[in-house]
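Hi everyone, thanks for coming. Let me put today's structure on the screen, and then I'll walk you through it.

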Amino acid sequence: MGSLVFLAPIAGVLALCFAIYLISRITKMDEGSERMKEIAAAIHSGAMAFLKRQYRTLIIFVLIIIVIISVIGLVTTGEGSLKPETAIAFAVGAFCSILAGNIGMRIATRANVRTANAAYTSGLNKALNCAFSGGAVMGMSVVGLGLLGLGVVVLIFNNDSSIINGFSFGASSVALFGRVGGGIYTKAADVGADLVGKVEAGIPEDDPRNPATVADNVGDNVGDVAGMGSDLFESYVGSLIAAIALGSSLGIGANGEGMLAPLMIAAIGIVASILGTFFVSAKEGGNPQKSLNRGNIIATALAIIGIFVVCFTVLQSGYSVENAAGVLKTYSWLGVFGATVAGLLVGYLIGNVTEYYTSAQYKPVQKIAKSCETGTATNVIAGVATGMGSTAIPIILVVIGIIAAYQFAGLYGIAMAAVGMLSTTGMVVAVDAYGPISDNAGGIAEMSKLPHEVREITDKLDSVGNTTAAIGKGFAIGSAALTALALFTAYTQAVGIKSINILDPVVIVGLFIGGMLPFLFCSLTMNSVGRAAQSMIEEVRRQFREIAGLLEGKEGVKADYARCVDISCKAALKEMILPSVMAVLVPIFVGLVLGPECLGGVLCGTLVTGFLLAIFLANSGGAWDNAKKYIEEGHYGGKGSPAHEAGVNGDTIGDPFKDTSGPSLNILIKLMTIIALVFAPIFM
């Protein structure tokens with residue numbers, strides 16, 4: 001079986017080669033006029049400037065963690081102690097995640113202007129292909145570097161799961177900074193652009209007169225390309241590492257088959273995702289959503305076939321392990337297949353449920369839009385109610401998935417369900433990252449004053465992008481919950497916890513602390529967006545007031561875009577530190593002071609409330625966004641009406657919900673669990 005492990009890094013290299021092919025295809029496309037190139041260059045330089053500043057902060061954090069892990073590993077001895085080699089795995093995981101985000105951001109900020117020009121010169125299909133190819137580069141970078149890096153670490157450290165866990169810790173650290181910092185950046189710009197530009201000044205979205213417009217377009221890439229990419233990179237490698245850890249601790253397979261199977265499924269998923277991308281195309285006047293759905297469905301179907309083959313060939317002999325009651329149970333390869341597919345289907349269904357609650361094609365969003373007729377207050381009430389109600393079905397789906405996976409294949413089945421859900425991550429990230437590229441393309445078309453027909457094409461692509469972004473967030477939340485559960489199961493095995501006794505006062509204390517943390521975390525991130533947005537609003541107002549002729553659109557008068565970009569950048573880097581440090585220190589403090597059982601309670605409480613709160617925030621924010629767009633299409637008075645003003649206010653409230661606090665909770669529940677797993681030896 002050892003020779004088959006090499007297939008994992010080989011599949012990672014295949015994904016990266018495909019990404020290089022897509023990059024070459026994108027860069028050969030025409031960028032358009034000089035004005036388009038100028039705007040695109042401003043977006044690109046702003047995005048890269050933020051990444052460079054963020055990485056400077058991140059590198060300090062990474063070095064501190066490397067030193068801490070190394071010192072603890074050197075001073076602790078004995079079986080099961082923290083090993084200093086874990087620091088190497090941590091560094092590799094952090095580097096791979098940083099590199100994936102950097103590649104994705106660079107290409108996304110080059111594909112946007114080419115998408116706008118393709119819409120101008122060639123029409124819908126060429127523009128769709130360009131935007132999707134840009135997203136696919138991010139998707140292939142995530143799975144390629146994830147599987148290549150993890151595969152190399154597995155080979156170097158001979159499947160030692162205690163060391164391999166460090167790889168996921170490194171990925172989680174980058175994801176936390178990417179999601180929190182990126183979310184603060186993008187929403188500070190978005191809120192400032194909307195409230196002053198749309199509501200106060202009454203100018204259109206992406207109007208070149210608005211000083212926050214470029215910062216807003218930069219933020220789309222920072223939050224929804226690099227941020228989402230790092231989020232799913234973390235889930236992707238976290239699910240694999242949880243399955244590898246359980247395969248090792250449960251002793252599944254005489255030759256390590258339980259550790260090999262998840263890597264083989266990930267390799268198959270890469271091939272399925274690559275093949276799925278070739279089915280994304282649309283006729284002129286067609287529906288881009290159907291094209292993207294077709295590619296996703298084909299990738300999913302191919303992955304299921306591949307999972308069947310892997311389970312049959314790698315786990316054919318089955319395995320026997322004790323269940324929670326201490327009874328020895330035997331599971332077959334078919335059971336593992338069922339558990340893995342159950343996870344994959346749950347992820348797909350959660351995406352569809354998210355679409356129902358956040359798409360303007362369905363009643364929930366339409367009801368919110370109608371509530372705008374009576375003002376902002378009723379809009380907020382309707383949006384909050386919709387978000388709260390949207391938690392029920394995803395929870396039921398995850399519960400069904402967990403029960404099915406456990407019945408099919410025990411604890412190992414739960415981990416494999418997470419692997420199955422994330423097997424087509426390459427395709428999921430590609431579809432999600434397509435959104436901000438098409439959104440940027442619309443902004444560039446508006447600021448370059450291209451013909452109205454071009455904006456109609458980019459708006460059509462962007463409206464689909466809003467739906468895919470909402471689906472992507474739903475998928476990310478579901479995968480985070482299942483990955484965190486799999487990692488939690490691995491943690492209980494590492495510290496020898498057979499069950500969590502909720503009658504134990506120490507465990508109850510942990511549950512309360514864990515249940516509170518997502519709310520405190522969201523409070524910190526929401527306040528961060530509010531403070532950053534206030535600075536942005538004041539700057540936009542200042543420029544409208546002090547730059548003569550700017551608001552009137554006089555020839556030759558330009559806004560100071562760089563100043564707004566700098567405000568978002570500085571605010572994001574400053575505000576992300578406190579919530580990030582809290583997420584890292586709390587599990588270590590609880591584990592050392594109150595013990596592993598209390599930490600188990602903390603992880604359970606955080607998982608439950610964090611999952612529910614993330615769904616609520618993401619779906620209410622997405623619903624408010626599309627309710628505003630539904631009104632802008634001409635319903636309930638259209639643009640400029642009182643209903644539209646209420647819709648813009650609701651969307652502004654929902655911005656930090658869906659793009660900062662909600663997505664950041666995905667990282668919180670996974671990061672805390674992987675920290676518990678990595679440092680488990682020092683808690684006992």
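So, how many helices and strands does the chain have? The chain has 20 helices and two strands, where helices (H or I, at least four residues) and strands (E, at least two) are DSSP runs numbered from the N terminus.

A word on where this comes from. This is a predicted model, in which local features need pLDDT of at least 70 and side-chain atom pairs count only at pLDDT 80 or more, while totals for chains, interfaces and linings use all residues. Residues are numbered from 1 along each chain as its sequence is written, and side-chain values use heavy atoms, leaving out hydrogens and water.

Let's start with the overall shape. The C-alpha atoms fill a box of roughly 75 × 50 × 45 Å along the principal axes. For 684 residues, a compact globule would have a radius of gyration near 26 Å, and the chain's 24 Å agrees with that. That radius is taken over C-alpha atoms, and the globule rule is 2.2 Å times the number of residues to the power 0.38.

Of the 684 residues, 64% count as buried. Buried means under 20% relative accessible area, exposed means over 50%, and partly exposed is in between, with a 1.4 Å probe and protein chains only. As for contacts (heavy atoms within 4.5 Å), residues 24 or more positions apart make up 85% of those with a separation of 6 or more.

Now for some rings. The structure holds 16 aromatic pairs. Rings of Phe, Tyr and Trp (its six-membered ring) pair if their centres lie within 6.5 Å; planes under 30 degrees apart are stacked, over 60 edge-to-face, and the rest tilted. Take F18 and F278: their ring centres are 5.7 Å apart and their planes at 55 degrees, so this pair is tilted. F18 sits in helix α1 (residues 7-27) and F278 in the loop between α7 (257-277) and α8 (288-314), 260 residues away. Are these two buried or exposed? F18 is buried, at 10% relative accessibility, whereas F278 is exposed, at 54%. Elsewhere, ring pairs join F308, F312, W333 and F337 into a cluster.

One last stop: L550, in the loop between α15 (505-546) and α16 (561-575). L550 has 2% relative accessibility, so it counts as buried. What does L550 touch, leaving aside residues up to four places away in sequence? Its partners include R209, P211 and F544.

That's my tour, and I'm happy to go back to any part of it.
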